[in-house]
Amino acid sequence: MKKTLKFVCSSVLTLCLAAGVLAGCGEKKNNSEEDTEFTWSGMTEATVVAGTPFDLLDGVKVTNAAGEDISSSVTVLTLDENEAELTELGVYDDYDDFDYHITGVYTVYYMATDDGVKDFESREITVEQQYNLSNGDFAVESNDGFYGWQLDTPGGSATMEKVTENGVKKPKFSIEGLGNAWYSLQYMSSVNLLEGETYKITVNAKSDSGKSVSFGFENPATNYSMMQGLTPYKLSSEYADYVSYYTADKDYTNAKAVLYFGYILEEDTTKAYDVTINSIKIEKVQRCGEVTFEGLDSVTYYAESEELKEFIANPKAGVTAKSGDTDLTDRITVMGQVSEQIMEGTNYTLAYVVENENGPSAIGYRSIKVRLQKEHPYSLSNGTFDNDIKYWTQDVNAQNPGKATFEWVEGDEKEGAAKITIENPSTDGWHIQFRQDVSMEKNTNYIIKIRAKASRNRSMNLELNAGTNYSYAINLTTEYTVTEIYYSAPNNTTGFRFLLGGGGSENNGSVIWIDYAEITLDPDTTKYEGWQLKNSDFEYGMRHWGSEGSSFVEGSDDNGTYVSTTFENDTGADWNIQLRQDGKEFEAGKTYKLIVKASSTVARNIKVEINPNQDSSKGKNTTFALTEEIQTFEFEFSFDEAASGTRVGMLLGGSGIKGSTVKIYQFEIVEVSADA
């Protein structure tokens, strides 16, 4: 047993210090130390899951020297109630009252009393972040809200206030703007999850306006991607429990735990909504492995389709549950709801649960994907902004805070426009986004047209997510201009994002209007390989070709289509004037042939470079002698190692070229063979 500190007390606690040893002062029961010895038990060190109530007195027992149980006299010392005792013990200045919401290592002091004698004991208790939420009952306030929680409004508009109910404060949200995505409004914290463990999440909440919510987890290591689909509920006006389940597929440290209350199950996006949260609790549960489910296959539906409506009316259709030969189908409860209407593609995860009063419940998961109906998979929904900006997701990053407002205004073409006012551009374009999901196929060519303007000359970027992000700068002026982008999808492409942040303080207060954005199939249906030069015979003019230092024009004659440029001046270096394509991929050991068909009104040499990552030390280059006669030149090359991010360019600058013209009929690469 750990040696304890004992004080014999009259009306005032007094300590006498002699030779550095604490001694009791005043009248003892008798002169025998053994007669005043207290015996403590249940004082072992403990680890508590943050957010999970822990009774500091549970299991603590004390007997006096006579063997009598005096456990009922035991109290836990606190800063407010026991300043004198903690001061006399010499720990007051460094003492923290135990709080199971706040992580840390606590030394907790206990006091037992018996016939005027006080005895003190301490033990160490660690509060550790695990699966439950710190401050899930919102008992701990902070200056701007509640400890451990943060309100994030990346695409909607909401404010939080502390409301008092039955003497207890709770977070209440007043929602003015839902946004167009379920994650437009979030109330978030963090947890640690372990692979293979199943967690039951219970949200106790209410909404007088019938708001819907869903609780979920995101993985910070993969750009905060959702770990499973939504399990949403529409709240009632009285507090009730709304339950969801999650089984971790791996260990997660500091996973983002978040209550979503953007656009989920709402029918009216214009009205104001309210949400009040009483508590959010996460607990580990065991799953019964003796029950088997059938019919939980993943399904995909289109929004507002008859098939989706039928599923919503009866989500248990075709699903069965059995334990051996015992049919448990009629005992299945479906956790979560699915929306008939969506603003963007949404994944739901419904839990099919067979409750077991005397043991673990059986839980089966089902993935329900709901997608927008479009004319084509690659089409942009509401790309002309006829009457509103629905189907476009607004996303303002909370960690690197930008600020913007998104609204619809009447336009001067195609009936309407999206208007984005940049109140704080932050430091990077992606901090403010206006986007939606698309589906463009690998090795397929698309034409993207965007008509936009700004209150000042500035740029915005269009980012296309094809595994790697491809970004195109769009220069905006104070008058509407149309930008045309020719995109050959290097991989299946899902994201279409306008990046509106960045640009420095000059963009503070700037306004961007997007009148329309559209994606159509390119008439050029060639399936280009990664090493091929696109539109190599210039059938589509300068499409896919980049140029620098001189303007190229399209033309055709008896020899075919071509592009040409007339040089206004001599230049110093050959690279001052270029015709090129970037990002080519070449395999190791394969032989390729470069073919150029061209002429020049002045006899001259031109250089062609093939540079991986624009590193000339690892590149290939050759020189062709052009004349007035149209000639075809060939050059074979290969790489010992795979070459990526390769620029293939014709360098046309030099001296003695002023007033001359170069015509290029063919600029092509073909595959010859692979090394044996």
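Predicted model: local features only at pLDDT ≥ 70, side-chain atom pairs only at ≥ 80, totals over all residues.
Strands here are DSSP runs of E, at least two residues long, numbered from the N terminus. N492 sits in the loop that joins β37 (481-488) to β38 (493-499).

**Stop 1: N492**

Is N492 buried or exposed? Its relative accessibility is 53%, and exposed means over 50%, so N492 counts as exposed. Now show what surrounds it. Setting aside neighbours within four places in sequence, N492 is in contact with M440, E441, K442, N465 and A466. For a distance across the model, pick D640 as well: the C-alpha atoms of N492 and D640 are separated by 29 Å, and the two residues are 148 apart along the chain.

**Stop 2: N457**

Next select N457. This residue is in the loop between β34 (445-454) and β35 (458-466). N457 has a relative accessible area of 53% and is exposed. Apart from neighbours within four places in sequence, N457 is in contact with L476, T477 and T478.

**Stop 3: the whole chain**

Zoom out and colour by secondary structure. The chain contains 2 helices and 49 strands. How does its radius of gyration compare with the globule rule? The radius of gyration is 35 Å, well over the 26 Å that the rule gives for 676 residues, so the chain is more spread out than a compact globule. Along the principal axes, the C-alpha atoms fill a box of roughly 125 × 65 × 60 Å.

Switch to a surface view. The accessible surface of the chain is about 32000 Å², and 42% of that belongs to carbon and sulfur atoms. Of the 676 residues, 49% are buried. Then colour the charged side chains: 57 are positive and 105 are negative, and the centres of the two sets lie 4 Å apart. As for contacts between residues at least 6 apart in sequence, 72% of them join residues at least 24 apart.

**Stop 4: the cores**

Select L193, F215, F217 and I280. These are the residues with the most contacts inside the largest nonpolar core, which has 79 residues. Keep F215 and show its surroundings. Which residues does F215 contact, leaving aside neighbours within four places in sequence? They are L133, I201, V203, S244, A257, V258, L259, I280 and I282. Another core, of 36 residues, lies apart from the largest one; V396, A404, A454 and I519 are among its members.

**Stop 5**

Select T276, in strand β22 (residues 273-285). T276 has 3% relative accessibility and counts as buried. Beyond residues up to four places away in sequence, T276 touches V163, E165, K170, P171, K172, A205, K206 and Y239.

Move to L151, which belongs to strand β12 (residues 150-152). L151 has a relative accessible area of 28%, so this residue is partly exposed. Not counting residues up to four places away in sequence, L151 touches A158, M160, F173, Q186, Y187 and F261. Now include A398: L151 and A398 are 247 residues apart along the chain, while their C-alpha atoms are separated by 9.3 Å.

**Stop 6: two positive phi angles**

Most residues other than glycine have a negative phi. The next two selections have positive values. D115 has a phi near 55°, and Y224 has a phi near 60°.

Where are these residues? D115 is in the loop between β8 (104-114) and β9 (117-128). Y224 is in the loop between β17 (212-219) and β18 (225-226). D115 has 63% relative accessibility and counts as exposed, whereas Y224, at 39%, counts as partly exposed.

**Stop 7: S638**

Finish with S638, in strand β47 (residues 631-638). S638 is partly exposed, with a relative accessible area of 27%. Leaving out neighbours within four places in sequence, S638 is in contact with K590, T591 and K620. Select K250 too and draw a distance: S638 and K250 are 43 Å apart, C-alpha to C-alpha, and 388 residues apart in sequence.

Technical notes. Residues numbered from 1 in each chain as written. Heavy atoms only, no water. Core = buried A, V, L, I, M, F, W, Y, C linked by side-chain atoms within 4.5 Å. Buried < 20%, exposed > 50% of the residue type's maximum accessible area, 1.4 Å probe, protein only. Contact = heavy atoms within 4.5 Å. Helix = DSSP H or I, 4+ residues; strand = E, 2+ residues; numbered from the N terminus. Rg over C-alpha atoms; globule rule 2.2 N^0.38 Å. Areas by Shrake-Rupley, 256 points an atom, 1.4 Å probe, with all protein chains shown as cover. Lys, Arg positive; Asp, Glu negative; His and termini not counted. Charge placed at Lys NZ, Arg CZ, Asp CG, Glu CD.
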